[in-house]
Amino acid sequence: MKKTFLILLAGFAMIACDNKNIAKDSYKGLEKQEKELAELDSITLEARRTFDDFKLALEMKDSTMTNFIVKEEFVVKNGDRSQQEHLWIRDVHQDGNVLKGIVDNQPQVTKEVKLNDTIVIDDKKISDWMFYKLEPNDTVARMIGGYSVKYMRNKLSDAERVEFDKQYKVKFD
């Protein structure tokens, strides 16, 4: 009986230790998620802070600059909660005093827009921007901006990065 009690006690102690490790791992996961959200918020702030650079490049109509794209945030409210969705807008162009472009992602949350809709871009909702610039004597363009793309690229393994670079076919800083 004493032996059975000791075995049960040891088993409970092991389970308690495992639960502490699970709780500790969950907390680390939460910390990692909070850190990533803070980094993405920082990227959004940088994109908004430098958006005039994008607009200036677009206005220049320089043939060495192509693929003007922005990422815009759409907020969907569900009662007292809200959910964010960030969509890429391609073929950005100036139309009078506004920027317009075509929704390039299939929205998963927002019903405000659909894939291939032409929309007016809201400067206050920009979460990223980019364009490609081909320098003289280069065969591959360089990505200007693209803060979130570069952030995600830096999280990839070396092998994944090689495949990613093949897909994008641009130089990353």
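Guide: Helices (H or I, at least four residues) and strands (E, at least two) are DSSP runs, numbered from the N terminus. This is a predicted model, in which local features need pLDDT of at least 70, side-chain atom pairs count only at pLDDT 80 or more, and totals for chains, interfaces and linings use all residues. Residues are numbered from 1 along each chain as its sequence is written, and side-chain values use heavy atoms, with hydrogens and water left out.

Helix H2 is followed by Lys61, whose phi is positive, near 50°. Within H2, the residues Phe51, Phe54, Ala57 and Leu58 are buried (under 20% relative accessible area; exposed is over 50%, partly exposed in between, with a 1.4 Å probe and protein chains only). Seen down the axis of H2, these buried residues fall within an arc of 120°, so they line one face of the helix; the arc is that of the directions from the helix axis to the C-beta atoms. Asp52 and Leu56 are exposed on the face turned away from the buried side of H2.

The structure holds 10 aromatic pairs (ring centres of Phe, Tyr and Trp, its six-membered ring, within 6.5 Å; planes under 30 degrees apart are stacked, over 60 edge-to-face, the rest tilted). Among them, Phe54 and Phe131 form a tilted pair, 6.4 Å centre to centre with 55° between the planes. Phe54 lies in H2 (residues 51-60) and Phe131 in strand S5 (residues 126-133), so the pair ties together parts that are 77 residues apart in sequence. Phe54 has 0% relative accessibility, and Phe131 has a relative accessible area of 5%. Phe68 and Phe131 form a stacked pair, 5.0 Å centre to centre with 20° between the planes. Phe51, Phe54, Phe68, Trp129, Phe131 and Tyr147 form one aromatic cluster.
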